Structures are given as structure tokens and as C-alpha cells.
Amino acid sequence: MRDPFEVLGLPSSATRDEVRARYRELARQHHPDAGGGTERMAEINSAYDLLARDLEGCRRRRVEVKAKARTANEPSPSRARTRTQTTSRPRPRSTPAPTKQEGRTIQWKDWLARARTVASGKHERPAASAKPAAIKLEISPSILALCRFHGPQTLKVSGADAEGARLVFPTTHMDVTRGPGLPGEQRFSVRLKGSLPGPEGSVFVVVRAPDGGSRRIPVYEFSCPSNEGSCAFAS
């Protein structure tokens, strides 16, 4: 993949806020719903994901690549002799660009790997003053994957006293409506309003049961490049 700073048109000194603002600007310009191309949008999403996960690492890698390029361009007698002694080799053929479906599959596989990390608890979480009490209700799914371009996702709470459970969520980032459910269960329709703040896995909805127990469900933003009306993980 190309250098993520180059893809987004940013200097390596860009801050997280500048990266996020530039991503939103490019997403509005190149999203398929706005007439953009899926390959370009997938490239922008991948570059933003890299910078959001490891901004300092991307800076170091860019410096290392530039240093290697400068060293490679410096002529030296030994290198000149080696070039004259060796025969020219045919260049390998370039790999063809992925198709629209292949690009979406690659992006979704990358999303699944990171979403599973969030669900396993191996990610940064805000410090909690006290560990919440265990909850006896069954909740599905264990991760909420929301796309701001398409429809909501349903969170189902089932078990004894499920009708009395309530959902706590950040109202600045998402809308929640209570949906119809069968006896012994309750459903909530969760829709993303706009982009979530970083880092990944730092936003949760909390299911609170009548017995005082609670469970946190991580929320992850999935920017779907599809223009077909629904997402694979948010339909």
C-alpha cells in the first residue's frame, strides 16, 4: 500500500485531529454515494485506519523509507561495478488492482480482525472506577458494527426480566429506539449519527438489567464503500 500520508495528502507532522478532518473531507468527495469510486474510497479508508491505529509508527516508517531511498540514490564505486557486472533481469509484472468485490472483501476481513480484538477486550479502554456487577441476560451481538451511510443495527436482550433492561449510550454519537420484541426479550435499534471518536473500542453502549448488573457492548464504526443500500455487518 502507498504511504498513508501521501494517500490522504497530509504531511508526516499532521496531528490526529488533522488526519480525522482530512479523512472526513475526502470521504465526502469520494464516497460512492457522492459519485466517487470504490477503489479510491477503499484506499482512503485503509490509509485512515493505519494512521488512526499507529500515527507515530507511520511517521517512523515514512522517515525510514525516505532514508533508504536517499541511500539507494547515492552512487558508489562498488555499486557501479556491481551494476556493470550483472546482467539485466526482467522486471516482475505488476499485480493487477483488486476488483470492486475483492476490495470490499479485503476491507471487511481487516475490519473483522480489529472488531474481534475489540470484543476480546485486548484494546484501550477508559479507566473504570468500579467493576460493574455481572449481568444474567443474554445479549446479541457482542459487537455493534455501525455505518453512518446505511441503516441501523438491532441489539437484542433476552432472558428473565429482559423487558426491564435499559440501554445507556452516548446521545451525541448515536440514536437508539426501542423496537417490538417477543415475550422475554427486548430489542433496540441503534443508528450512528456521525464519526466516532478514537481510539477504537473507546465507545460503548451499556445494557443495564433490573437486578443492577450491566454489560458494555463495544461500538465500532465501519465505513462501508458500498452504494447498494446496506452493509454486510449493519443490515
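**Exercise 1. Aromatic pairing**

Determine how many aromatic pairs the predicted model contains, and state how the rings of Y23 and Y48 are arranged.

*Solution.* 
Step 1. The count of aromatic pairs comes to 1.
Step 2. The ring centres of Y23 and Y48 lie 4.1 Å apart, and the ring planes meet at 15°. Planes under 30 degrees apart count as stacked, so the pair of Y23 and Y48 is stacked.
Step 3. Y23 belongs to helix α2 (residues 16-30) and Y48 to helix α3 (residues 38-53), so the pair ties together parts that are 25 residues apart in sequence.
Step 4. Buried means under 20% relative accessible area. Y23, at 3% relative accessibility, therefore counts as buried. Y48 has a relative accessible area of 16% and is buried as well.

**Exercise 2. A charge and a ring**

Identify the ring over which the charged end of R216 sits.

*Solution.* 
The ring is that of F204; the charged end of R216 is 4.2 Å from its centre.

**Exercise 3. Overall make-up**

Describe the order of helices and strands along the sequence, and state what share of the residues is buried.

*Solution.* 
Step 1. The protein has 6 helices and 8 strands.
Step 2. Along the sequence these elements follow the pattern α-α-α-α-α-α-β-β-β-β-β-β-β-β.
Step 3. The protein has 235 residues, of which 34% count as buried.
Step 4. Among contacts between residues at least 6 apart in sequence, 63% join residues at least 24 apart.

**Exercise 4. The nonpolar cores**

Find which elements give two or more residues to the largest nonpolar core, and which residues V207 touches.

*Solution.* 
Step 1. The largest nonpolar core comprises 21 residues, and those with the most contacts inside it are L155, V157, V205, V207 and V219.
Step 2. Two or more residues of this core come from each of β2 (144-146), β3 (153-158), β6 (185-192), β7 (204-208) and β8 (214-221). The element that gives the most is β6, with 3 residues.
Step 3. Leaving aside residues up to four places away in sequence, V207 touches I135, I139, L155, V157, A165, R166, L167, G213, S214, R215 and I217.
Step 4. Another core, of 16 residues, lies apart from the largest one; F5, A27, I44 and C58 are among its members.

**Exercise 5. The open sheet**

Work out the strand order of the open sheet and name its edge strands.

*Solution.* 
Step 1. The sheet has 4 strands in the order β1-β3-β6-β5, with antiparallel pairing.
Step 2. β1 (138-140) and β5 (174-179) each pair on one side only, and these are the edge strands.
Step 3. Neighbouring strands of the sheet are turned by 20° against each other on average, direction ignored.
Step 4. β5 and β6 form a hairpin with 5 residues between them, and G184 in the turn has a positive phi of about 85°.

**Exercise 6. A residue of β1**

Decide whether E138 is buried or exposed, and list its contacts.

*Solution.* 
Step 1. E138 is found in strand β1.
Step 2. Exposed means over 50% relative accessible area; E138 has 56% and is therefore exposed.
Step 3. Not counting residues up to four places away in sequence, E138 touches K156, V157 and S158.
Step 4. The C-alpha atoms of E138 and A162 are separated by 8.6 Å, while the two residues are 24 apart along the chain.

Methods:
Residues numbered from 1 in each chain as written. Predicted model: local features only at pLDDT ≥ 70, side-chain atom pairs only at ≥ 80, totals over all residues. Heavy atoms only, no water. Core = buried A, V, L, I, M, F, W, Y, C linked by side-chain atoms within 4.5 Å. Buried < 20%, exposed > 50% of the residue type's maximum accessible area, 1.4 Å probe, protein only. Contact = heavy atoms within 4.5 Å. Phe/Tyr/Trp six-rings, centres within 6.5 Å; stacked < 30°, edge-to-face > 60°. Lys NZ or Arg CZ within 6 Å of the ring centre and 35° of its normal. Pairing = 2+ DSSP bridges. Axes fitted to C-alpha atoms, helices over the stretch in contact; angles between N-to-C directions.
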